[in-house]
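Subject: Structure handover and salt bridges

Hi,

Here is the structure for your files. My notes on its charged pairs follow below.

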Amino acid sequence: MLGSFVTKFVVFFGTIFLVRILSKTSYGVLGYIENIYGYIYIFAGLGLNNAVLRYVILGKTSEEKFGFYRYAITKGTLFNILIVFFVALFFLFYPYPEEFKGAKWLLLILFITIPFQFLVDSNTLTYRAMFDNKRFAIITFLTSVILIIARYLGAIFFDLNGIVIANILVYVLFSLILSYVSFNLYFKEYRPNQLSKIEQKKVNNYSFQYMITNGVWAAFMLNDVFLLGLLSGNAEIVAEYKVAYVLPGVLTIISTAIGIFIGPYFVKRETNHNWVWKNYIKTLIILAGIIAPLVAIMFVYAKSITTLIYGVQYENIVPIMRLLLVAALINSIFRYTSANLLASMGEIKSNMLISIFGMCLQIIINLILIPKYGELGAAVTSILVYSLMALSLFIIFIKKFKLTN
């Protein structure tokens, strides 16, 4: 948990460094291309990296665990090679807004990162699946630190070009190192089981549904930035919203770190509904006790914090940031925790449907509010949608685990 927290915190400071180095326009362009990359990465490996964290845990022997690991890595990588080719072809002819046309080739090059980032994610999740907590903490921390340093140096010497190249080089390096480490640590002595057709279907179904659900979660922030860029065509507005989201986004460090830690334990006890319900409530109470005071402090001192970290050029984002803090409070404590635990325990379908409904609602409300209120409209949309989704997920938890105790 500490490793996840420190890693996310390092990423937060890496964002600050880039904001200080790049102009508001350049940071807006970077946000635009990384936003599109984020959409595509939702489909990386058909979500098979998520299957690692469930099925490697559930494998009864080392041969079974190796079989699930090899299947996820092999099939996921093959799909990633195809996705890079087709999305690059699509975005070669994509009609970019005028201010972002110059970033086309940067985006196409950035897509090369997809298969290597997938391997990094899959192998770090393997460490969690094997309950190798120290290794997970150290590796994720080192990966993040080196990535941030490389992006920072790339930005200093080559601006946006340097950031994109640094991204690719770091992920290539770590994908090779981590794959080698995983094989030699856990699987070198064993022959992998060949998954039956039934097992493959089970893994594929779980991975696909998790990919859609997880992708919808990721798409919420991506949708805001994409629609702001599309409807305004202004790189500075995109930059302002991205920066306003950084501090509220820090709150997810806490819920994500706790979620990564407790997820495997809920998987192992998912049939004990009484245990699940009690520990779910405990988790919500702990998160509320940590996050609510932090939100209150950042809300009150938003102007001072923004000026100190980003400078006076971003002073106008304070009202947006305060609204996003409220959205982050709801999201970090209730929505993320409920959705993450339900997904971990195999309750994918209802989780997925709520996520899809929430995303559709978000897009509709954004299309209404952004043209009238700009960034403020996007922030208000987040509050409304996260609240509705959190309530829906809590009701599912009650029906599934509370009422069946």
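Does R151 count as buried or partly exposed, and at what relative accessibility? R151 counts as buried, at 13% relative accessibility. Here buried means under 20% relative accessible area, exposed means over 50%, and partly exposed lies in between (1.4 Å probe, protein chains only).

Some ground rules. This is a predicted model: local features need pLDDT of at least 70, side-chain atom pairs count only at pLDDT 80 or more, and totals for chains, interfaces and linings use all residues. Residues are numbered from 1 along each chain as its sequence is written, and side-chain values use heavy atoms, with hydrogens and water left out.

The structure has 3 salt bridges. The criterion is a side-chain nitrogen of Lys or Arg within 4 Å of a carboxyl oxygen of Asp or Glu.

E34 and R151
R151 pairs with E34, with the closest N and O atoms 2.9 Å apart. E34 sits in helix 2 (residues 24-41) and R151 in helix 7 (residues 133-187), 117 residues apart. Helices are DSSP runs (H or I, at least four residues), numbered from the N terminus. E34 is partly exposed, at 23%.

R54 and E270
These side chains form a salt bridge at 3.2 Å, N to O. R54 is in helix 3 (residues 48-58) and E270 is in the loop between helix 9 (235-268) and helix 10 (273-300), so the pair ties together parts 216 residues apart in sequence. R54 is buried at 11%, while E270 is partly exposed at 21%.

D132 and R135
The closest N and O atoms in this salt bridge are 2.9 Å apart. R135 is partly exposed, at 31% relative accessibility.

Best wishes

Note on methods:
Helices (H or I, at least four residues) and strands (E, at least two) are DSSP runs, numbered from the N terminus.
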